[in-house]
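Visitor: I would like to learn how to read a structure like this one, step by step. Could we begin with the way in which helices pack?

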Amino acid sequence: MQFKTTSSPYISSAGDVGSVMRQVLYALVPGTLATIWYFGWGVLIILIMAILFAVSLEAIMLKLRGRPIKPFITDYSAVLTAWLLALALPPLAPWWMVLIGVFFAIVVAKQLYGGLGYNPFNPAMIGYVVLLISFPLEMTNWLPPRMLAEHQLGFMESLGIIFSGTPTGNLTWDALTMATPLDEVKTGLSLDRTISEIRQSPLFGDFGGQGWEWVRNWFALGGFWLIYKKVIDWRIPVSLILGIVIISTPFFILNPDSYGSPAFHIFSGAVIVGAFYIATDPVSASTTPMGRWIYGAGIGILTYIIRSWGGYPDGLAFAVLLMNMAAPMIDYYTKPRVFGQRRQGP
Amino acid sequence: MSEPSLRKITQDGLWTNNAGLVQLLGLCPLLAVTSSVINGLGLGIASTITVTTSNILVSLIRHYVRPEVRVPVFVLIIASIVTAIELSMHAWFHDLYLILGIFIPLIVTNCVILGRAEAFASKHDVGRAALDGLMIGFGFTLVLVVLGGMRELVGNGTLLSQAHLMFGDIAKDWTLTLIEDYRGFLVAILPPGAFIGLGLLIAIKNVIDKKLEQRQPQVIKIETPAVTDGA
């Protein structure tokens, strides 16, 4: 099969896949540490578990497909996928859910399509969406950030909950977990409360959720570093956030009681992580400069639409997958003109 | 055109040219109703009866219908058969009819049936057409049942649930619960599970074919699929 899309040079500074993946991993470290600080040891346990599962499954699949194992394992792409998936999972997700998520991400979405570079969809988001639509109950068991938590879970306690699936002692899920800010808004709006009433809850901070927004800041910091190092293209995060601002501002101005402010939408849920780390996946994103604007803005707008009028509190994962599907077509219609060629329509 | 042997018709319908796995025809009902073994079996049997009867009728009238009007005539025949089946299911298997719902009348548009009428029945004698219809239908049913079983097992941890809808009250306790206290894996029951499941079945078939080919390196046979998918 021949694709006529151009592939523009995506990275100018970095040398190979491994070094790109490693730099993205370094950029994720501050945000991940902040997540662990606010949401407890569970995040770290799930992160390590996901990476172990991902690397083992990747090795098994490479073996089955008769590919060399070492060069593909040491490019860290499986580690990055697992890391992003782990950040999307609730901090006390049971171990088998991590395994299923990683299985769908690595085996189904990545290796069955031909491995790194051939996957039309973002593997981490496939794993997340499969879990979200299959286990809606477990996927919403989010912990409150540390300043709101009545009980700080220790390392062994978290480990026990992840492996047994239920809280031990006199703890229950209801006592441990709390709605996420986006959940809270969705439920509150369905009860005919206004946004300003909902925001009275201690869950909310200046823009997004208390604690949550700080985690986002650290992730954004890593993202800026990636843009500075030219590992990711600035167009996708900028257009994604612009897309959210453009669509959410009119609704917020006309009816601030039922629609959250643009800042709230940017600082809650998956937008910051998604804009810098997920939507910029070099394989499944659009590759032309113009295409990246369309691709990013599309994700932003779809995320807002799913959040405001859809069935799920957050929609970034679905938006990324939908735009992944559209990426080849976007690339086709936004091919840059080769210098010296005549201007003509597509 | 030389008449294909009965053995070849059987083999084509069940395996080499399987409607579900190779021709990829009738995907709409195939993907939509196979959330359990019984649903798959119900739709499979209905499709088998339709394709067999329509093949027989089309083969009987093949010398009297002008080529210009053949497709409307085939569609009329298929539509009347499907209507009869729909009414009978409504009468005798009402609960199953309610589950399969729109997909029973939609058998009319199932391209397997029109495809076989056009590509096979209108060119061959009644006996061969009937056998072809039966085997294609049987192959299709097999895929429906296997896919339904896969999805039911992964999604709910059971097999043959709701068998009483088809076999009456004696089948009430046929349900096999293979995994006790299974939490359910919803994605297998939802539409994506159908696509992933069918993809895996096709992959398994290709692997088996490859293995068989390696075992006996014979004369290379060139097989062309009978029809290309239209819907």
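Guide: In this predicted model, helices H1(A) and H2(A) are oblique to each other. Two packed helices are described by the angle between their axes and the distance between the axes. Here the axes of H1(A), residues 17-39, and H2(A), residues 41-64, come within 6 Å and cross at roughly 135°.

Visitor: Which residues of H1(A) and H2(A) make the contact?

Guide: On the side of H1(A) they are A:Thr32, A:Thr35, A:Ile36 and A:Phe39, while H2(A) contributes A:Gly42, A:Val43, A:Leu44 and A:Leu47. Sorted by class, the residues of this contact are 5 nonpolar, 3 polar and no charged.

Visitor: At what angle do H16(A) and H17(A) pack?

Guide: Helix H16 of chain A (residues 289-309) and helix H17 of chain A (residues 316-333) pack at an angle of about 150°, and their axes are 9 Å apart. Because angles over 145 degrees count as roughly antiparallel, H16(A) is described as roughly antiparallel to H17(A). The contact between H16(A) and H17(A) has 14 nonpolar, 3 polar and 1 charged residues, and the crossing of these two helices is right-handed.

Visitor: How should I think about the nonpolar core, and which residues touch the most other members of the largest one?

Guide: In soluble globular proteins, nonpolar side chains tend to be buried together. The largest nonpolar core in this model has 99 residues, and those touching the most other members are A:Ile46, A:Ala50, A:Ala82 and A:Leu85. If we leave aside its neighbours within four places in sequence, A:Ile46 is in contact with A:Ala86, A:Leu89, A:Pro91, A:Ala93, A:Val98 and A:Ile162.

Visitor: How many residues of chain B are in contact with chain A?

Guide: There are 5 residues of chain B in contact with 4 residues of chain A, and on the chain B side the classes are 5 nonpolar, no polar and no charged.

Visitor: Finally, what can a phi angle tell me about A:Asp192?

Guide: Most residues other than glycine have a negative phi, and most peptide bonds are trans. A:Asp192, although not a glycine, has a positive phi of about 65°, and it is found in the loop between helices H10 and H11 of chain A. A:Asp192 counts as exposed because it has 9 C-beta neighbours inside 10 Å.

Visitor: Where is B:Leu24 placed, and what is its phi?

Guide: B:Leu24 is in the loop between helices H1 and H2 of chain B, with a positive phi near 55°. B:Leu24 has 17 C-beta neighbours inside 10 Å, so it counts as partly exposed.

Note on methods
Residues numbered from 1 in each chain as written. Chains lettered and ligands numbered in written order. Predicted model: local features only at pLDDT ≥ 70, side-chain atom pairs only at ≥ 80, totals over all residues. Contact = placed C-beta atoms within 7 Å. Nonpolar A, V, L, I, M, F, W, Y, C, P; charged D, E, K, R; others polar. Axes fitted to C-alpha atoms, helices over the stretch in contact; angles between N-to-C directions. Helix = DSSP H or I, 4+ residues; strand = E, 2+ residues; numbered from the N terminus. Parallel < 35°, antiparallel > 145°, perpendicular 65-115°, else oblique. Left-handed = near helix turned anticlockwise from the far one by under 90°. Core = buried A, V, L, I, M, F, W, Y, C linked by C-beta atoms within 7 Å. Buried ≥ 20, exposed ≤ 12 C-beta atoms within 10 Å, placed from the backbone.
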